[in-house]
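Here is a quick tour of a protein model, written for someone who likes to know the cut-offs behind the words. Have a look at the structure first, then read on.

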Amino acid sequence: MARYFWLSEHVNQNTEGWHYELYRPWKRYDAVVFLKSMNDKAYALMKKLQRQGVPCIFDVNVNYFYQEGKEYYPSMFPSEVQQEQVKRMTQNADAVIADSSFVYKQCKKYNEHTRWIPDIVNTSNAGFQVWKPDGMKLRLLWSGQSVKLFELLAIEDVLLAWRDRLELVLITNDLEEINRLYPEIRTRLRKLLSNVEPTIIPYESIQQLFSVYANGGVLVSPRFLDNHYNMGHTEWKITLAMACGRVAICSPVPSYEQVAERSGGQGIQVCNDAETWSQAFDALLSNRFDWEAESCAARKVVEQYYSPVAVVPDHIDWMMKASQLRAEQL
């Protein structure tokens, strides 16, 4: 809900004539957004509202449309029921918001009235400061659900080769979630973690995450791209850190590549293989890396494309378009 809280906060404080709030069934609305809500109850509500002339927008932030590729833990991919639910909501909504460009392509197959609107990052809450390593070790930051720590295995050999020069910081939840991984993956991950000896910081809130990022480091987001679920991820994992001025090193997820294109390659580096990851660590530990320019570039691209000032006008415009589309159906 943080993403929609930041959106509504900006709208309500800065946009005259508009008000965003959590849905209350006893109130009358000019439009209703279904944020990843797609079960039978949500679908029935959408059809009821549409009959009353209320435009309904379906917001899709992950690729639930089909299963394809390698699974690393049970139920990692959407179930057949979830696949049918997301298609039904997409087809019947007056308009659709896709939170990543990859998901946009999937939504467009089922509803031509689809727009890509990226995840929002409230840069005013993100403390910015330039940081650079002050010793022989490079501080790496990773955040996410602990079951997703298996993604570190995508750069397993690189982390092991550089472990004497790296300090890995994991902001995550209870590590018991690792037990959900398939045995072979779980064993590899536990061995990797025992070798690199990361610092574990229990996740508390987005604001706490910003505080950790403000203390410095380099955000890493390796991803296995052998499944279409991962391909659909938004850029939120990296833009939260980049808003604090943290340089991001990441795998070629489509949304990450889009951030790199928008930034002109500054403040972020997309690494396609072990060699480019290793080269990135080498550059970051050298004297030739311009930390001030790269940190400022990381912050700038978030302000320019992912901040409330950048995202809210597009969101409001799409609400208006959805209203027009519903009116045409009546």
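Covering here rests on contact, meaning heavy atoms within 4.5 Å. The helices (H or I, at least four residues) and strands (E, at least two) are DSSP runs, numbered from the N terminus.

Before going further, a word on ground rules: this is a predicted model, where local features need pLDDT of at least 70, side-chain atom pairs count only at pLDDT 80 or more, and totals for chains, interfaces and linings use all residues. Residues are numbered from 1 along each chain as its sequence is written, and side-chain values use heavy atoms, with hydrogens and water left out.

Which residues of H4 are buried? Helix H4 (residues 101-108) has Ser-101, Phe-102, Val-103, Gln-106 and Cys-107 as its buried residues. Buried means under 20% relative accessible area, exposed means over 50%, and partly exposed is in between (1.4 Å probe, protein chains only).

## The sheets

Four strands make an open sheet, ordered E1-E2-E3-E4, with parallel pairing. Strand E1 (32-35) and strand E4 (114-116) are at the edges with a single partner strand each, so one side of each has no neighbour in the sheet. On average, neighbouring strands of this sheet are turned by 25° against each other, direction ignored. Two strands count as paired if DSSP finds at least two bridges between them.

Inside that sheet, strand E2 (residues 56-60) runs parallel to strand E3 (residues 95-98), and four bridges join them. Phe-58 has Val-96 as its bridge partner in E3.

Two helices lie across these strands. Helix H2 (residues 40-51) lies across E1 and E2, at about 165° to E1. Helix H3 (residues 80-92) lies across E1, E2 and E3, at about 140° to E2. For all such angles, axes are lines fitted to C-alpha atoms (for helices over the stretch in contact), and values run from 0 to 180 degrees between N-to-C directions.

Is strand E5 enclosed or open? Six of the six residues of strand E5 (residues 138-143) are buried, so E5 is largely enclosed by the rest of the structure. In a regular strand the side chains alternate between the two faces of the sheet. In E5, Leu-138, Leu-140 and Trp-142 point one way, while Arg-139, Leu-141 and Ser-143 point the other way, and all are buried. E5 pairs with strand E6 (residues 166-172) in the parallel sense, over six bridges. Leu-141 has Val-169 as its bridge partner in E6.

Helix H1 (residues 2-14) and helix H13 (residues 308-329) have axes that come within 10 Å and cross at roughly 85°. H1 and H13 are therefore roughly perpendicular, on a scale where under 35 degrees is roughly parallel, over 145 roughly antiparallel, 65 to 115 roughly perpendicular and the rest oblique. H1 brings Tyr-4, Leu-7, His-10 and Val-11 to the contact, and H13 brings Pro-308, Val-309, Val-311, Val-312, His-315 and Ile-316. By class, that makes eight nonpolar, two polar and no charged residues. Ala, Val, Leu, Ile, Met, Phe, Trp, Tyr, Cys and Pro count as nonpolar, Asp, Glu, Lys and Arg as charged, and the others, Gly among them, as polar.

Most residues other than glycine have a negative phi. Lys-36, in the loop between E1 and H2, has a positive phi of about 60° although it is not a glycine. Glu-197, in the loop between helix H6 (183-196) and strand E7 (199-202), has a positive phi of about 50°.

Here are some accessibilities side by side.

| Residue | Relative accessible area | Class |
|---|---|---|
| Cys-56 | 0% | buried |
| Cys-250 | 0% | buried |
| Phe-128 | 34% | partly exposed |
| Lys-36 | 37% | partly exposed |
| Glu-197 | 64% | exposed |

Phe-128 belongs to the loop between E4 and E5. The C-alpha atoms of Phe-128 and Ala-214 are 6.3 Å apart, across 86 residues along the chain.
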